[in-house]
Structures are given as C-alpha cells and as structure tokens.
Amino acid sequence: MTLDGRVALITGASRGIGLAIGRELAAAGARVMLDGHRSTGALEEAVKTLPGGAERHGWYRASVEDPDAIAAMMAEVDRRWGRLDILVNNAGTTKFVPHHDLEALDLDLFDHIYRVNLRGAFLCIKAARSLLERHPPGLVVNIASIAAMTAVGSNVAYCASKAAMINLTQSLARALAPSIRINSVSPGLIDTDLTQGWKEYREEQIAKNPMRRLGTPEDVAAAVLALATSLPYANGVNLVLDGGRCLT
Ligand SMILES: NC(=O)c1ccc[n+]([C@@H]2O[C@H](COP(=O)([O-])OP(=O)(O)OC[C@H]3O[C@@H](n4cnc5c(N)ncnc54)[C@H](OP(=O)(O)O)[C@@H]3O)[C@@H](O)[C@H]2O)c1
C-alpha cells in the first residue's frame, strides 16, 4: 500500500525520530509537513532530506505549547494541500533527573514536560480534528515510550506524561472513531540527540536489551508507516517497540 495523495503532519520533526518518520511517510508517497519550534534553519535543512525535497513537502515553526500557533499550522496545511490524513504527535521533551531526587524535579520542569508531551498532543488532535475527518478515517499516532509501562526513564514527570499519553490515546480512540483512528507507539531507548549525552544509561540499556542494541529512529518510523498502511483496523493500540527490553 502507498500513501500517494495523502498528507501527514509530524510535530517535533526537525530531527531525530520525527524527521525519520517524515522521511518514511514521504518515501511511501505522502506529502509531509514537518513541525519544529526552535530553529527555522534546522527545519529548512530537514525538509530537503525528504524524498521529493522542499518542492513537494513543507515545514512550519509552531510550538505545541501554543494553541494559536497550532491553529495557524493546521490552516497552512489546509491552504496548501486541502486535507490531512495523518497526524503524528512526536514533539517531546525531557531532562535527566534521578527518580529519588524530588527537589531537582522542580515545578517548572514538571509543568514544561506535561505541556509539551501531553497537553501538546491533545491540542494538536483538537486543532486537526476537522481536517482529519474530511477524508475518514484519519489517523493519529502518538509517540509515547516504554517509560509509560516500566516507570523507568529520564525522570518521574516524563514517565507519567507518557503513561497519560497512552491513556489519552485510548479515550480518544473510542471517542473519535470511526472518523479518526488513534494509536500510540512506545519506543524503548532510541539513538537520537535526546539520548546522546546519557552514556552510562545507554550502555546499561544495551546490556539489558535482548536485541543488544538501541532502537533507531527508522525502527520507530517503520511502526508508524505500518499503522498508516497495513494495519487499518488498529485503533487504541499501543505498539511497543523496544527489542524486548520490557521483558528483562
Ligand atoms: N529517543 C528516545 O530514546 C525516545 C524513546 C521513547 C520515546 N521517545 C519520544 O520520541 C519523541 C522524539 O524523541 P527524539 O529522541 O527524536 O527527540 P529529540 O531528538 O530531542 O527531538 C525532539 C523534537 O521535538 C521538538 N520539540 C521539542 N519541544 C517542542 C515544542 N514545544 N513544540 C514543537 N516541537 C518541539 C524538537 O524541536 P527543536 O529541534 O526545534 O527543539 C525536536 O524536533 C519524543 O516524544 C520522545 O519522548 C524518544
């Protein structure tokens, strides 16, 4: 199956997992809008790496914390392509804080993680709803984490935000069907900028992983493509993609 004629919007797609998802969906035939928030230059460079390049695809700078910016981004997708078939809520943030150190997890960090990882996904679904319903069934994929199930991850708020994201996926999979399907993908530790600095943690995770390696952004992108093409009955599913790490 191809995604010819389909349109996908991926949040947090200036690099890492989001950009790999953009490349995978573009290679399958979709037109892709990459969202990011800090650097226009990074988005400009990112879009050039998609099959078809900047002529065929687009980028938009909008923080998922900002409802007005999200609304403007959806309006731009509509103006440009007149439809939206796939929304990938991938934008995420975290910082390494040991779980026992409650003082270090200050309220600003706690709130920021929730605003980006959880509230951001909700706001994007809300803003994209009418576009996704135009050619049903639309698809939403929320990028969660195995931290949601294991409660092992960069900090307590991050783990909780991802657990809440899976719960949000389930609620909305029931509430918005049949015009929109909503699923989540829960990766284990993936080799991206986000995890580059966590040397010891990465080594520990590789040693504990039955596959003896970290996941790649392309591993996650393949799961999103499968949900968009070969798994049309999947709704409310949480696809765990961790090489079996949860089993050890
Ligand atoms: N890497 C892992 O091991 C792993 C494992 C499980 C789940 N995940 C999840 O997968 C997703 C992507 O992770 P990654 O490793 O690719 O992260 P990353 O390399 O740090 O990239 C994060 C992306 O999110 C964007 N972003 C951050 N805050 C944003 C905001 N407020 N609005 C819009 N975009 C924002 C960043 O944009 P800028 O470049 O503009 O800052 C960047 O494009 C996250 O949700 C993460 O929690 C990652």
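I call a residue buried if 20 or more other C-beta atoms lie within 10 Å of its own, exposed if 12 or fewer, and partly exposed in between, with C-beta atoms placed from the backbone. I take helices (H or I, at least four residues) and strands (E, at least two) as DSSP runs, numbered from the N terminus.

**Source.** This is a predicted model, where local features need pLDDT of at least 70 and side-chain atom pairs count only at pLDDT 80 or more, while totals for chains, interfaces and linings use all residues. Residues are numbered from 1 along each chain as its sequence is written.

**Overall.** I find ten helices and seven strands in the protein chain. The C-alpha trace spans about 50 × 40 × 35 Å along its principal axes. I checked the radius of gyration, taken over C-alpha atoms, against the globule rule of 2.2 Å times the number of residues to the power 0.38. For 248 residues a compact globule would come out near 18 Å, and the protein chain has 17 Å, which agrees. Of the 248 residues, 47% are buried.

**Strand S5.** I looked up residues 138-143. Strands pair if DSSP finds at least two bridges between them; S4 (residues 86-89) is joined to S5 by four bridges, and the two run parallel. Opposite Val141 in S5 stands Val88.

**Helix H2.** Which residues of H2 (residues 40-48) are buried? I get Leu43, Ala46 and Val47. Down the axis of H2 the buried residues fall within an arc of 95 degrees (directions from the helix axis to the C-beta atoms), so they line one face of the helix. The face turned away from the buried side carries the exposed residues Gly41 and Lys48. I also listed the packing partners, counting a contact when C-beta atoms, placed from the backbone, lie within 7 Å. The buried residues of H2 pack against H1, S2, H3 (53-56) and S3 (58-61).

**Ligand site.** I counted a residue as near if its C-beta atom, placed from the backbone, lies within 6 Å of the molecule. The ligand is surrounded by 31 residues, and the closest are Gly12, Gly16, Arg38, Gly92 and Thr192. H1 (16-27), S2 (31-36) and H8 (193-196) each supply at least two residues of the shell.

Methods. Contact = placed C-beta atoms within 7 Å.
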